[in-house]
Amino acid sequence: MTVGEMLKLMRDPLGAPFYPPALQVLLVVTWVLHIFFVTTALGTSALSIFAFTAKKGAGLWLQAGRLAARLTPNALGLGIVTGIAPLLFVQTIYDPLWYAANTLTGFWSALFIFVVMGGYSLAYVFYLKGSRDGRLLFTAILSLILLFLAGWVMHVLHAVSIRPEQWKQWYMPSGVIDTRGVTFHAYNIPRLVFLLPLQAVLSLAVVMMFASWYLRKRGDDTSFLHWLAALGRTMALVVSPLYGLTGLAWAVTEGPEFGATTLIAVPLVAIGIALTIYFLRLKQPAIRAPLSLGVWLLAVFGVAIVREAVRVASLARYGYTLADYPYHFDWGSILVFGVTTIVGVMVVLYLILVLYQANASQEGTVSLRVERLGKVATGMLGAWFGFFVLMGLYSTFVLR
Amino acid sequence: MYPFWEGLGIHSTLYLAVVSAFHVLVSHLTVAAAWFNLYLERRAVKERREELYAYLKRSALGLLVFAYVFGALAGVGIWQTTTSANPRGISTLIHNFVLFWGSEWYMFLIDVIGIIAYYYTFDRVSRQTHLRLAWILALGGTGTLSIIVGILSFKLTPGLWLETGNSLNGFFNPTFWPQVFLRFAFMFAITAAWSVFVAAGLPKGYFDRERIIRKASAFGLVGLIVGVLVWLVWYEPALPLRAKAILPSPAIPQPTFPMIYFGLLATFIGLLFALIAPGRQRQFMALGALAIMFLAIFGAERTREVLRKPDIIFGYMSSNQLLFNDLPARGIVSEERALAQTGMLGHLPFVPAPDAIASTSGDMTFGIGDPEVSMGRALAIQQCGSCHSVSDQTALTIAGVRLDLRSQAFLLKRRNLVTADQIDTYLKAIGGFPYMHPFVGSDAERRALARYLEAFLHHTYPETAELAKMQSQAR
Ligand code: HEM
């Protein structure tokens with residue numbers, strides 16, 4: 001059995017319920033949000049630790065440390081929620097890869113969630129009990145370590161998944177099956193450094209500028225906010241060139257294996273240079289923060305495409321492509337998903353606007369327009385249940 | 001089809017069991033708490049009862065941290081653990097229902113952003129706006145629950161899907177409706193304990209404390225009674241006959257039913273006590289109640305999962321992750337039929353051919369350097385490993401006590417099957433048990449499996465080796 005045949009055999013016989021390349025797009029797009037939020041969590045966590053250790057929690061650093069500690073659990077919460085979406089899509093279209101990686105690394109895959117839970121709850125402990133004055137600092141440190149470990153596991157899972165030629169050998173080294181799933185079979189350090197610590201600094205930098213922009217509107221301490229934005233810009237400026245260089249290192253270490261050296265190198269170096277130029281020319285980091293956020297998300301989107309291209313290149317070596325992944329249009333679930341998307345987007349939009357407006361001013365008011373949106377969105381959410389029950393009755397009594 | 005992860009220390013499915021029981025407790029609590037909070041907040045707005053907000057704030061922070069953090073994460077955890085323990089089972093669900101799951105994801109997003117908005121805007125937005133957030137939380141949570149039930153219940157009762165192959169038929173299956181109502185009712189009992197916990201922590205003089213406790217326990221009692229009724233008159237009758245045959249079998253390990261009955265009874269009494277004497281409630285009592293419910297839920301959810309043995313998807317895929325039936329509507333043919341012809345070894349990507357298996361005398365084969373035993377190991381992993389411990393790796397030894405919860409060696413010993421011959425004969429008839437499938441493979445493969453199991457047994461219980469020797473001498 002060749003590797004290509006094996007991959008084809010491993011696909012689920014049910015096929016995908018929708019056009020696979022569309023699901024691939026969803027995979028890439030939702031992953032951008034995922035990695036943005038988890039790197040923000042790592043970055044803010046590191047900042048709060050730095051503020052309370054190296055800077056002894058004094059002056060402006062105290063404020064920064066508190067703010068960062070408050071952001072960590074919320075960013076992480078969003079990182080997890082947005083991680084679920086790519087998790088759905090990756091196993092729909094890349095099931096052979098995802099399932100092989102998760103069984104070969106079974107122990108860590110199962111332990112992963114306890115690691116994340118530990119990191120998450122410790123981040124909360126530090127925010128609620130320690131961030132006022134930097135007590136319980138060990139909770140913050142342990143939390144950061146656990147979150148990083150979680151990222152490492154994610155990275156190993158992905159690295160294992162794109163190397164199908166080695167699965168058998170990892171499963172049965174010298175002919176003896178290993179069902180423990182404890183070994184970290186594959187990794188690439190430059191890639192990990194690129195995706196986690198460096199992106200964590202960049203996400204953090206952008207979030208600092210953004211916080212400065214947002215809090216300024218409600219009239220918080222301007223000298224602090226000015227300092228915060230300037231610091232963010234400096235960090236971004238220092239790290240951007242490193243980011244490009246590390247991208248190059250990723251390309252030359254992982255690229256040759258998949259014949260993808262230029263494919264990785266050119267876009268990543270270009271992104272590094274573009275970011276450097278952007279932050280160099282950025283003179284009013286607080287005022288321009290929304291734009292910077294957009295620029296950074298666009299850069300991450302570029303990275304996400306490169307990541308996907310590496311996977312595609314790896315599989316192409318065995319003549320395996322998504323283009324011939326079996327699928328059929330499963331109209332029932334497409335309809336349910338479509339309707340829920342409309343309702344979901346409306347409600348989530350309303351919730352975000354409420355959060356945004358309520359905290360954007362000292363007294364906190366929600367505009368009439370948003371209120372009207374809320375009425376409609378809540379009504380739609382209620383009506384969704386009517387739709388759901390109708391679908392159910394139809395499927396139970398009519399559809400055979 | 002995939003590599004097999006047996007687990008480490010404990011069997012992979014036990015990881016899953018623990019994570020899922022926890023998740024069920026917390027997620028149901030969350031949904032019902034959203035409704036209870038909505039109820040209180042409506043009264044607070046209508047009757048201008050400012051004091052109630054003290055309870056709501058406390059409850060919201062607790063939910064934000066505890067329920068949404070741990071509950072939601074445990075949900076992801078179930079996913080990760082099933083993925084490692086039984087990837088093809090989850091694969092079937094994903095490929096049928098990914099867009100339902102995607103829909104659930106929106107509901108979940110609403111829950112998570114909703115609770116953040118709810119908690120952080122208590123005194124910042126108008127009462128009406130905040131009440132709307134409460135509505136959104138209650139509806140969003142119920143949406144999440146309704147969708148996941150369709151996916152879960154499919155595993156036991158795929159219903160018409162087995163003929164039409166249409167995901168809608170699989171989703172709205174014969175146990176979907178009763179299970180939605182069952183869960184919706186029972187979750188109020190869990191939430192009652194939660195509310196008692198939160199309210200009992202409020203300052204003594206807080207005058208609404210007892211009213212909230214009384215309300216909550218009334219909600220809980222009604223939920224409990226309705227839940228039991230739904231189970232008796234609707235859910236249980238909807239179960240397939242074969243599942244009913246599993247209920248009294250040893251597939252459901254002993255203390256399960258007493259645990260569930262005890263849990264129900266204890267919850268009933270506890271809630272009654274809270275209703276009658278709300279002033280006497282303490283936080284530790286509520287915690288105790290939650291712990292008891294955890295055990296009961298553990299038992300109940302395990303039972304629900306075991307009911308479909310020996311299948312992972314009833315009537316479609318066996319626990320060892322092979323399709324054993326055709327699904328003509330989707331052009332799918334049984335995999336087991338072909339494998340029964342060709343034999344197993346070498347015919348699936350991660351079940352090696354005999355010549356790829358090393359016959360070293362390592363620990364994995366208990367020091368026996370015999371190719372047949374090594375082959376048997378590969379088969380034990382593939383055919384028995386998803387339900388039984390087939391090696392020492394999943395037998396945790398704590399302070400000299402061997403905790404082999406699912407050990408195959410133990411079962412063989414209990415059956416008094418001590419030689420490869422006896423085991424081989426037994427394997428021929430193994431499909432006769434309601435909870436096990438027949439062995440799939442050639443005669444030589446079955447023989448190899450028997451050899452491995454014999455070695456495992458003799459290694460685990462040396463006295464059985466003596467017994468086997470005596471028996472062969474006697475003959
Ligand atoms: C602290 C927690 C987490 C961190 C630091 C983290 C980090 C990462 C990183 C670095 C990658 C990219 C790996 C690579 O390309 O080498 C990744 C991918 C991914 N993560 Fe996370 N992650 C975290 C939590 C989660 C959670 C909780 C989920 C699921 C709910 C999740 C789902 C995913 C998925 C689906 C991918 C894509 C895998 C692929 O494309 O093959 N992550 N994550």
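Modeller: Let's start with burial: a residue is buried under 20% relative accessible area, exposed over 50%, and partly exposed in between, using a 1.4 Å probe and protein chains only. In this predicted model, Asp123(B) counts as exposed at 56% relative accessibility. Gly140(B), by contrast, is buried with a relative accessible area of 0%.

Colleague: Before we go on, what should I know about the numbering and the rules?

Modeller: Residues are numbered from 1 along each chain as its sequence is written, while chains are lettered from A and ligands numbered from 1 in the order in which they are written. Local features need pLDDT of at least 70, side-chain atom pairs count only at pLDDT 80 or more, totals for chains, interfaces and linings use all residues, and side-chain values use heavy atoms, with hydrogens and water left out.

Colleague: What is the mean pLDDT of chain B?

Modeller: pLDDT is the predictor's confidence in each residue, from 0 to 100. For chain B the mean is 86, and 97% of the residues reach 70 or more. The model as a whole scores ipTM 0.91 and pTM 0.91.

Colleague: And where in chain B is confidence lowest, and where highest?

Modeller: Helices (H or I, at least four residues) and strands (E, at least two) are DSSP runs, numbered from the N terminus. Confidence in chain B is lowest in strand 6 (residues 401-403), with a mean of 58, and highest in helix 6 (residues 167-171), at 94. Chain B has 17 helices and six strands altogether, and buried residues make up 62% of its 475 residues.

Colleague: How many residues of chain A are in contact with chain B?

Modeller: Contact means heavy atoms within 4.5 Å. By that rule, 102 residues of chain A touch 92 residues of chain B. Gly140(B), in helix 4 (residues 127-156) of chain B, is in contact with Leu381(A), Met107(B), Ile110(B) and Asp111(B), leaving aside neighbours within four places in sequence.

Colleague: What about the area buried between the two chains?

Modeller: Buried area is the accessible area (1.4 Å probe) that two parts lose on being put together, summed over both. Here the figure is about 8,700 Å², with carbon and sulfur atoms giving 74%. Leu14(A), Tyr99(A) and Thr179(A) supply 8% of the area that chain A buries against chain B, more than any other three residues.

Colleague: Now salt bridges. What's the idea?

Modeller: Side chains of opposite charge can pair when their charged atoms come close. The rule asks for a side-chain nitrogen of Lys or Arg within 4 Å of a carboxyl oxygen of Asp or Glu. The structure holds 23 salt bridges over all chains, and the count between chain A and chain B is one. Glu371(A) and Arg132(B) form a salt bridge, with their closest N and O atoms 2.5 Å apart.

Colleague: Which parts of chain B do Lys57(B) and Asp123(B) tie together?

Modeller: Their side chains meet in a salt bridge at 3.1 Å, N to O. Lys57(B) sits in helix 2 (residues 52-85) and Asp123(B) in the loop between helix 3 (87-120) and helix 4 of chain B, so the pair joins parts 66 residues apart in sequence. Lys57(B) is partly exposed, at 33% relative accessibility.

Colleague: Which residues are linked in a network of salt bridges?

Modeller: Arg163(A), Arg191(A), Glu254(A) and Glu257(A) are linked that way.
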